[in-house]
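Open the model in your viewer and keep the selection panel at hand. The stops below go one after another, each with something to select.

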Amino acid sequence: MKAGRGRRIVIGVAAFEVAAVIVAAIASPWVGKNTSPSTLSDSLAEPSWNHLLGADQQGRDVLVRIIQGARIALLAATEATLVAVLIGIPLGLLIGFRGGRVDLVAMRLIDSISSIPGVVLAIALIATLGTGLSRSMLAVGLVFSMVMARIARGQVLAERERQYVDGARVVGVRRRGLLFGHVLPNVAPALIVQATLVFSAAIAIEAGLSFIGLGVQPPTASWGIMLADAQDVKEISPFQSVPPGAAILLTVLAINVLGDFLQGLVVGNQRSGEGTVLDGVRVQRSPDAAPAPAGASLVVDTLDVAYRGRNGTMVRAVDGATLHIGRGEVLAIVGESGCGKSSLGLGIAGLLAPPATMRARSLRLVTDDGEHELADLDPRDTSWRRHVAVVFQEPAASLNPVHSVGHHLRRALRQRGVEPTQRAEHAERLLRQVHIADAPDVLRRYPHQLSGGMAQRVMIALALAQSPAVLVADEPTTALDVTVQAEILSLLRQLCTDLHLSVMLITHDLGVVAELADRVAVMYAGQVVETGSVLDVIATPLHPYTAALAASVPRNEAGIGIPEPLEGNVPEPGHWPAGCRFAPRCVHAVEACLAESPVLAGTGGRAFACIRAAEINLVGVPPRRS
Amino acid sequence: MLTFILRRVLAVIPLVVIATAATFFMLQLSDVDPAVLRLGDSATEEQYGEVRAELGTDRPAVVQYVDWLSHAARFDFGESWKRPVPVMTMVHQRMPATLSLTLGAVLVTILIGLPLGIASGVRAGSTADSVITATASIGQAMPAFWTGLLLAAYVAIPTGWFPATGFVGPTASVGDWARSIILPSIALGISGAAALARQTRAAVAGVLRQPYVRTAVSVGYSRRSILGSDVLRNAAIPIVTVLGVQVSLLLGGSLIVEQVFVVPGLGSLAFSAILEKDLPVVLAVVTVAALLVTVVQLALDVLYGALDPRVRVR
């Protein structure tokens, strides 16, 4: 994580402030000894060279008392935090690790006690323990130990779910060893962050309790006592209440800033300039677009998508993708993960979030009501959106959990302008269209009540509700069971035929491609490396990457043997090699491949980007006899 | 939905009972003798015995607790140890002030914290977001009683628009009541609003990254529709939880802030009770506070159920 400059300054100032308070606390016994003894003539003196922050009613220097108060504040907060940590964390770890009945009873007790507001519980504890600094801070520490215990328990429960704990159990690590050796190091960061919050809260609470007379007793200097003194003179000298409060504010703020910084190190912070999908990304248009192929409903001309990389520079994920989808045609985009397939799909559907950027010569949509140049539109213009529907990989997460299936469909139908009286019936028809038998029942269900396959059918129905020209299906079956995958695929195929949908099918699975697609575009490292009809490309690949993908598909045929997995990984965006990007993994690569970037070229709807295509003999998958 | 509410109500009763039991037995540890409180240390053993018998403190602790609980269930918290007055009468006198302050603070918290949190969450990462988040960090670090002191010293006293001290009941004069609680409510509400703003921001920013928001964008709904129907509707679920915590913190905070404005609420009752070792009063304040928090929590739980079908429908 790299913090911004302003952020680093804030953290630096906070660290300095905390250091100053610590120094003041340590030095306080020697501070003020050399100054003149307080005299009543200085009573409520205004700030001056003699008294930088003025003097209080008894003529004592306010700055000196603030410094003395720092010692009390830190002592008090340290005591309360130690009590909270030493009681709360072992308790929480124990409860979390024991689980079962111990957890049930202990959490019931902690829940009950937590229903008493913290200040009130502290008051009750002080009633038992007695007033004074160390007793009241013991009370505050006990109150916070409940919070710490709850968090420690939650962390342990979360960690217990992790694999490594099961693994350690299997190899026979004993329970205590597991607690200290494996789980504690993993839950410690969250608990340290929480402890800093307890520390800063304890400073404020010490001041509050001393202010009302239950904490430190006068004449000891505490920021709370000083504020209590200031209250008595607020009518004649309002400034008296400023310095002690500012001391509390700055100290608490500085500790919280450092706590946030620690938390950021643990969980990661959102970086500035990061927008959301709601903001959209404006397409940078280069003007020289080629004319659209006849009969295309989507034309993508030289599309680039870039994201901000880890070190802050923009990194290209899609590099000059050019393709089109004919009306009623299924175009499959295939490639391993990390090849830019999904970025291409999101870019086309206008679902990128800043700071991602997109550039294209043209991104054209052809519908019944004419041509839309999407690259020229304001990202907030939603008029074209219903023409491009999207089906995602995670159907359950892609549906709003608080709305029923019926609500989802009726809302989309309203967006399309369907009359209110017809929406319910129309929604039911859509569910039947995606082969959901009990439509009225499913309309009433919420997303969490749907199986994965059912949720994907609902997503498809939602897409159909828009009556789109183009459907982008991003790995629509990857998250589903194998049997359900086949059902969804046959449904998609039927809908393409029946509704003349143009589909962009994004998948890593050549089996799915063969099943569903008319044409295919193979992507590698952000580029389209081969396109053509499915039969041609799979049976007689012209790019070694396509051939390698085909060879890695398991086939149930005699004499084929086990599939050969593809060696190596797709290079990450930003680390693309010069020349042919596939060359380092390619068995056919020669010297020239590393020097020269091949260009996608070809005729008759067949194109490839390999300089050796004519010299090498690539083997594909023979067409299926079906 | 009705069974859901009923189940929640039944679930909180043991919560309050356990909380009061824990407090009761904890206070037993303090070993205060009410007879000495009432009579001083110069009375005869016989006189002490009479007082103990009258207040029932000569019985075993468990018997005392069961007896206390059966009376408390009918809002009878017994008699003060210090003076022969029913504790309920004392609590009843102090309730309006504490309730008014807490309610005012909750209003300030929601009216300021929620819009700011939404505004910064929707534009997470922008300059506006940084400004709001930084302001909220400062607000959260300001102790409410200090804010109150500043408001009294620099607003109430110089301008005279609001009283710097005292409380007027709503039944006496609604206008004066409002004027008397505005400054304490703001003092208390600023820290609550700051906390709520930060948590609302986190909730909104978190929901904005959910896949279903992307789905809504892809369908082509308007920004306003997505913010309302998808983002805020889902962010409301964690915010309701946070609100419950805030109400508890504000109720506790009101006990301290009322000292700044010399408002006769449960705080001053509890503090003098601690100094006088009048434990039945302390126990009553704890019980009333726990009860208030629990009732609010219950209402929020029902709201939670209404908001989140995953909780409601099993």
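Start with V282(B). Leaving aside neighbours within four places in sequence, V282(B) is in contact with I123(A), A124(A) and A127(A) of chain A, and with L27(B), A270(B), A273(B) and I274(B) of chain B. Bear in mind throughout that this is a predicted model.

V282(B) and V285(B) have the most contacts inside the largest nonpolar core, which has 284 residues. Now select residues 62-98 of chain A, which form helix α2; this helix gives the most to the core, with 17 residues. Then colour two domains of chain A: domain 1 (3-28 + 57-273) and domain 2 (533-626). Both give residues to this core, so the core lies between them.

Show both chains and select the contact where they touch. The contact takes 71 residues from chain B and 67 residues from chain A. Which element gives the most to the side of chain B that touches chain A? It is α10(B), with 14 residues. Coloured by residue type, that side of chain B divides into 48 nonpolar, 16 polar and seven charged residues.

Hide chain A and look at chain B by itself. Its secondary structure comes to 13 helices and zero strands. Along the principal axes, the C-alpha atoms of chain B fill a box of roughly 85 × 60 × 35 Å. Of the 314 residues in chain B, 49% are buried. Among contacts in chain B between residues at least 6 apart in sequence, 73% join residues at least 24 apart.

Stay in chain B and select residues 87-122 and 223-260. These are helices α5 and α10, whose axes come within 8 Å and cross at roughly 145°. The crossing of α5(B) and α10(B) is right-handed. On the α5(B) side, the residues making the contact include A97(B), L101(B), A105(B) and I118(B); on the α10(B) side, they include L227(B), V247(B), L250(B) and E258(B). In the whole contact of these two helices there are twelve nonpolar residues, five polar and one charged.

Bring chain A back and select T357(A). This residue is in strand β5 (residues 357-360) of chain A. Is T357(A) buried or partly exposed? It has 18 C-beta neighbours inside 10 Å and so counts as partly exposed. Leaving aside neighbours within four places in sequence, T357(A) is in contact with V281(A), Q284(A), A306(A) and M314(A). Draw a distance between the C-alpha atoms of T357(A) and V283(A): they are 74 residues apart along the chain and separated by 7.2 Å.

The peptide bond from P354(A) to P355(A) is cis, with omega near 10°. P355(A) lies in the loop between α10 (341-348) and β5 of chain A.

The last two stops concern backbone angles. Select T302(A), in strand β2 (residues 296-308) of chain A. Phi of T302(A) is near 55°, a positive value in a residue other than glycine. With 17 C-beta neighbours inside 10 Å, T302(A) counts as partly exposed.

Finish at S467(A), in the loop between α14 (452-465) and β9 (470-474) of chain A. Phi of S467(A) is near 50°, again a positive value in a residue other than glycine. S467(A) has 17 C-beta neighbours inside 10 Å and therefore counts as partly exposed.

Key:
Residues are numbered from 1 along each chain as its sequence is written. Chains are lettered from A and ligands numbered from 1 in the order in which they are written. This is a predicted model: local features need pLDDT of at least 70, side-chain atom pairs count only at pLDDT 80 or more; totals for chains, interfaces and linings use all residues. Axes are lines fitted to C-alpha atoms, for helices over the stretch in contact, and angles run from 0 to 180 degrees between N-to-C directions. Helices (H or I, at least four residues) and strands (E, at least two) are DSSP runs, numbered from the N terminus. A crossing is left-handed if the near helix is turned anticlockwise from the far one by less than a right angle, and right-handed if clockwise. Two residues are in contact if their C-beta atoms, placed from the backbone, lie within 7 Å. Ala, Val, Leu, Ile, Met, Phe, Trp, Tyr, Cys and Pro count as nonpolar, Asp, Glu, Lys and Arg as charged, and the others, Gly among them, as polar. A nonpolar core is a set of buried Ala, Val, Leu, Ile, Met, Phe, Trp, Tyr and Cys residues joined through C-beta atoms within 7 Å. A residue is buried if 20 or more other C-beta atoms lie within 10 Å of its own, exposed if 12 or fewer, and partly exposed in between; C-beta atoms are placed from the backbone. Domain bounds come from an automatic or database domain assignment.
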